[in-house]
Amino acid sequence: MHTAFIALGSNLGDPEKMVREAIAALAELPQTRLAAASSLYRSAPVEAPGQPQFVNAVAQVHTELAPQPLLAALLAIENRYGRERSFRNAPRTLDLDLLLYDAQCLDEPGLSLPHPRMHLRAFVLAPLLELAPACILPGLGPAADWFARCSDQHVLRLAP
């Protein structure tokens, strides 16, 4: 079994409901077990002013799927929930990003591990650190150090 961390985000419709449903959908993936899910967090859109705020979370899964098939399964969940990619950083019903897969560094068409911008995003790091406080980002170092560098990005942990 491999350990993977997946970021979830939504800023259209009912984002809290969408993220909760997506977490449940992760638990239904073949050859995969949902190990944990973070609290939900609210954050401002990055590089997309004027959009509604996002609701974000991170899930940890244990899976027998290789990285590319796992990513394909995540994209299928996005599609099931109406994800459209009309332009870069467009508002979205659901966004699922494969952040980490074991301690692998990978650069393939359509998939880079660790996720190439995760260390720059407080909305990813806060829920990740909730689940894995000692998390080391392969090739980058402790996630907590990167989170400290994102102090100008406001994220709010939502009540359960």
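A nonpolar core is here a set of buried Ala, Val, Leu, Ile, Met, Phe, Trp, Tyr and Cys residues joined through side-chain atoms within 4.5 Å; buried means under 20% relative accessible area with a 1.4 Å probe, protein chains only. Helices (H or I, at least four residues) and strands (E, at least two) are DSSP runs numbered from the N terminus.

Of the nine residues in strand 1, seven are buried. Strand 1 pairs with strand 4 in the antiparallel sense over nine bridges, where pairing requires at least two DSSP bridges between two strands. H2 has T63 of strand 4 as its bridge partner. Strand 1 also runs antiparallel to strand 5, with six bridges joining them, and I6 is bridged to L98 of strand 5.

The mean pLDDT of the protein is 92, with 94% of residues at 70 or more; pLDDT is the predictor's confidence in each residue, from 0 to 100.

Residues are numbered from 1 along each chain as its sequence is written, and side-chain values use heavy atoms, without hydrogens and water. In this predicted model, local features need pLDDT of at least 70 and side-chain atom pairs count only at pLDDT 80 or more, while totals for chains, interfaces and linings use all residues.

Definitions and conventions: Buried means under 20% relative accessible area, exposed over 50%, partly exposed in between (1.4 Å probe, protein chains only).
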